[in-house]
Amino acid sequence: MALRKVVTKEDPILRKKSRPVTDINRRIHTLLDDMAETMYDSDGVGLAAPQVGILRRVIVIDVRDDTGLIELINPEILEQSGSNFEEEGCLSVPGISARVERPDRVKVRGLNRLGEEVIYEAEGFLAKAFCHEIDHLEGMLFIDRPHELVEDEE
Ligand code: CO
């Protein structure tokens with residue numbers, strides 16, 4: 001495993017759409033390993049592949065609850081409901097926290113590293129994390145959505 005460099009909001013790669021993974025090979029496993037290591041090293045709760053310069057539909061999330069580490073390939077939101085307007089941040093947008101409206105509950109489907117279909121039903125902060133990371137795969141940062149700045153440490 002190795003740490004990867006997290007690109008920041010000035011990098012145009014963050015505004016590009018990521019392509020689906022068609023072959024879950026060793027390269028993807030290494031990417032998942034490196035993304036998790038990089039997320040934990042930065043005290044982050046999620047990371048999407050474009051943040052480490054790879055335009056592939058791969059995300060990792062760990063909101064430090066009972067769910068533990070989530071690795072998801074080609075994730076998609078199947079259902080969403082409710083509303084949540086809590087604070088969020090992003091390793092690619094250092095020093096900024098903002099409230100963004102998100103669904104309060106989501107059902108997400110994707111593939112795990114074995115290529116098996118997995119479904120997560122999440123609410124609250126974890127639901128927000130799924131939405132935030134999946135936005136990255138569409139080339140969208142949380143500050144590109146309507147938001148209310150909470151603090152700016154810069
Ligand atoms: Co982010």
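This is a short chat about the predicted model shown above.

Student: What should I know before I start?

Tutor: The model is predicted, so local features need pLDDT of at least 70 and side-chain atom pairs count only at pLDDT 80 or more, while totals for chains, interfaces and linings use all residues. Residues are numbered from 1 along each chain as its sequence is written, and side-chain values use heavy atoms, with hydrogens and water left out.

Student: How many helices and strands does the protein chain have?

Tutor: Two helices and eight strands. Helices (H or I, at least four residues) and strands (E, at least two) are DSSP runs, numbered from the N terminus. In sequence order, the pattern is α-β-β-β-β-β-β-β-α-β.

Student: What share of the residues is buried?

Tutor: Buried residues make up 44% of the 154. Buried means under 20% relative accessible area, exposed over 50%, and partly exposed in between (1.4 Å probe, protein chains only).

Student: Which residues touch the most other members of the largest nonpolar core?

Tutor: I59, I61, L72, V106, L126 and F130, out of 17 residues in that core. Such a core is a set of buried Ala, Val, Leu, Ile, Met, Phe, Trp, Tyr and Cys residues joined through side-chain atoms within 4.5 Å.

Student: Which elements supply at least two residues of this core?

Tutor: β2 (58-61), β3 (70-81), β6 (105-111), β7 (117-123) and α2 (124-137) each do. The largest share, seven residues, comes from α2.

Student: Why would such side chains sit together?

Tutor: In soluble globular proteins, nonpolar side chains tend to be buried together.

Student: What does I59 touch?

Tutor: Its contacts (heavy atoms within 4.5 Å) include L32, M35, L72, F130 and I134, leaving aside residues up to four places away in sequence. There is also a second, separate core of 13 residues, with M35 among them.

Student: Back to α2. How many of its residues are buried?

Tutor: 13 of the 14, so α2 is largely enclosed by the rest of the structure.

Student: New topic. Which residues coordinate the cobalt ion?

Tutor: C90 (SG), H132 (NE2) and H136 (NE2), at 2.1 to 2.2 Å. Donors are N, O and S atoms within 2.8 Å of the metal (3.2 Å for Na, K and Ca); water is not among the atoms, so sites may look incomplete. Along the chain, the spacing is C-x41-H-x3-H.

Student: Where do H132 and H136 lie?

Tutor: Both are in helix α2, four residues apart, about one turn of the helix. H132 is buried at 5% relative accessible area. H136 is buried too, at 1%.

Student: And D135, buried or exposed?

Tutor: D135 is buried, with a relative accessible area of 8%. It lies in α2 and touches R102, M140 and R145, not counting residues up to four places away in sequence.
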